[in-house]
Amino acid sequence: MSSAAASSVPPPAISTTAPSKAWWKEAVVYQIYPISFFDSNGDGFGDLNGIHAKLDYLKDLGVDVLWLSPIFRSPLADMGYDISNYKDIDPRYGTWVDWDNLLKGVHDRGMKLIMDIVLNHTSDEHPWFLSSRHSKADPKRDWYIWRPPKYDASGRRHPPNNWKSTFQGPAWEYDERTEEYYLHTHLSKQPDLNWENPKVRDAAWDLMRFWIDKGCDGFRMDDINLISKAEGLPDAPISIPGEEYQPATMNFTNGHKVLDFIKDMHSKVLSENELFTVGHTPFTHAPSDVAPYVLHGHGLNLVLHSELMDLDSPREGLEVVDLKTREWKLDDLRSIVTKWQQFGRDEGFWNSIFLEDHDHSRSVSRFGNDSDEWRPLSAKMLATFQITQSGTQFIYQGQELAMKNLPRSWGVEEYKDAGSLNHWNSILAQRRHQHGKRDVEMGDVLDDLHRKARDHARAPMQWDASPNAGFTLWTPWMRLNEDYKAWNVAQQLDDDNSVLAFWKRAIKVRKEHDVLIYGDFTDISNGHPSIFAYTRRLGTSKALVLLNFKDQKADFVLGDMSKETELPKTMRLVLGNYGDEGRRIDAGTIRLREYESQVYLSE
């Protein structure tokens, strides 16, 4: 057993203004990945009726808002984030009758439903792009970003610039028919829309109004910070010497006109309706870059920034690499959390708090310990970590069960995600070229996929111990995690000590205490090697949160609470992952057990 102690605690910073209250600030948002949630008709795909069948489960968990990943018509090149018809439901998910039934069920239970809409790009099978691709004279040619090729001294054709897409390879695809390239910051089957064209913006407002008229309560806007590119589409700086295509997110993220576009959206659509709006802003770590999206009442309610999700990603050149892994440090996690918790409180900035979504692997495998011994406790500790931060809460399906990453024993043939497969194939081609043979070592790449692939979040939901985890009566579209017989909803519903039961208690505690939602935040960890300790204060209410991120016991010195931390002399434990609720704490040294979490409130 090891033990470490913090020697002193710095005084807390004072925020002069308590945040204004709003229902969406207090909300718990639950993200559903429809194809993997629940299959009601036995075809192997999750569907709208499957979601409807589980609404009581979600309500009982404490959910206020459902966020549906895209259900629009799509060839599923990027699992629905490649839309071929914004105004129709993909038949895999159901019909308009099913949609109306789901929406009614959500509203009948006092919940809201937001749609995941992709406005940066479409599918290459969308009628807009088919027209744009038809000829240079087509009226929709300028709805996408087309450019002529460049030629070198030897007459070789090259793309218009050196941008690399987010899915490896060039961000440009050559079209033989019109002899020009189109831009795709993601897959080649996801051409980027040209938001400089006012007709594109009008079409975006139209499709948003369509879904508002259908009754949805708001939008999560995928890649919203990509809709404006750098003026003139210049080459990216050379950050990886020797490569033809360079990381270029600095040239197609948070562009010079993006805020004008957001303000126009607010003026033309959002201000006319009572909506909950969330912007997805990847590749962005600076609060100052995303604050304008939400401040001053002319934009969105929230943004989903990526800094914490990049904690365990190494850098290549100027950018992080999602599908490679580095060991993360608790100091870095504390620094990121503190920065975002304290940013812009007096100006009205509001956080989004999440540890999982469809783009990242499972949190208990990334930030906790998914071994049989420590999985329950570390998952409960992470739940405590999440719900005690100020900001709207986002839970991803299965997170409340501590669903973990897929087994390392699986081969690459089990991975479905385009990002995973492109990453694998790119490295495989490089190594085959480098070594001059087909059989090359790829075990390290499988290690990275086991830790970081998006596939881990996309495996079907584990409902019970029956075949296929109760997700479907047919062959599921994707292989299930093999641990479903022990880790499933039915088993955890019957266990008061389960991770699911703890999430319910944690959400209830949060909703009962405004200090955990609106209170200010001060890190009092003092560089402790394994404990993250912080206080929250709102008026006369005070909270103390202690989190042990290691599988070893550790001591933490509180000292004289009344003098050093401005906490009351005694506080009561309201949430602990070892139980013990109701006990009191005063000054001195606290010993935290392995992965222990404690939340104390003033009495």
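**Figure 1. Gln-386 sits in helix α11 of a predicted model**. Helix α11 spans residues 375-387. Helices here are DSSP runs of H or I with at least four residues, and strands are E runs of at least two, both numbered from the N terminus. Gln-386 has 0% relative accessibility, so it counts as buried. Buried means under 20% relative accessible area, exposed means over 50%, and partly exposed lies in between (1.4 Å probe, protein chains only). Leaving aside neighbours within four places in sequence, Gln-386 is in contact with Ile-353, Phe-354, Leu-355, Gln-393, Phe-394, Ile-395, Gln-399 and Trp-503. Contact means heavy atoms within 4.5 Å.

In this predicted model, local features need pLDDT of at least 70, side-chain atom pairs count only at pLDDT 80 or more, and totals for chains, interfaces and linings use all residues. Residues are numbered from 1 along each chain as its sequence is written, and side-chain values use heavy atoms, with hydrogens and water left out.

**Figure 2. Val-320 lies in strand β17**. This strand covers residues 319-320. The relative accessible area of Val-320 is 22%, so the residue is partly exposed. Val-320 touches His-285, Asp-310, Ser-313, Pro-314 and Arg-315, not counting residues up to four places away in sequence. Ala-490 is 170 residues from Val-320 in sequence. In space, the two are 39 Å apart, C-alpha to C-alpha.

**Figure 3. Three strands form an open antiparallel sheet**. The order is β6-β11-β10. The edge strands are β6 (146-147) and β10, and each pairs on one side only. Two strands pair if DSSP finds at least two bridges between them. β6 and β11 are antiparallel and share 2 bridges. Trp-146 has Tyr-182 as its bridge partner in β11.

**Figure 4. Strands β10 and β11 make a hairpin**. β10 holds residues 172-175, and β11 holds residues 180-183. They run antiparallel, joined by 4 bridges. Asp-175 has Glu-180 as its bridge partner in β11. The hairpin has 4 residues between the strands. Glu-179 takes a positive phi near 55° there.

**Figure 5. The protein chain has 18 helices and 27 strands**. Its C-alpha atoms fill a box of roughly 75 × 55 × 55 Å, taken along the principal axes. Of the 603 residues, 60% are buried. Among contacts between residues at least 6 apart in sequence, 71% join residues at least 24 apart.
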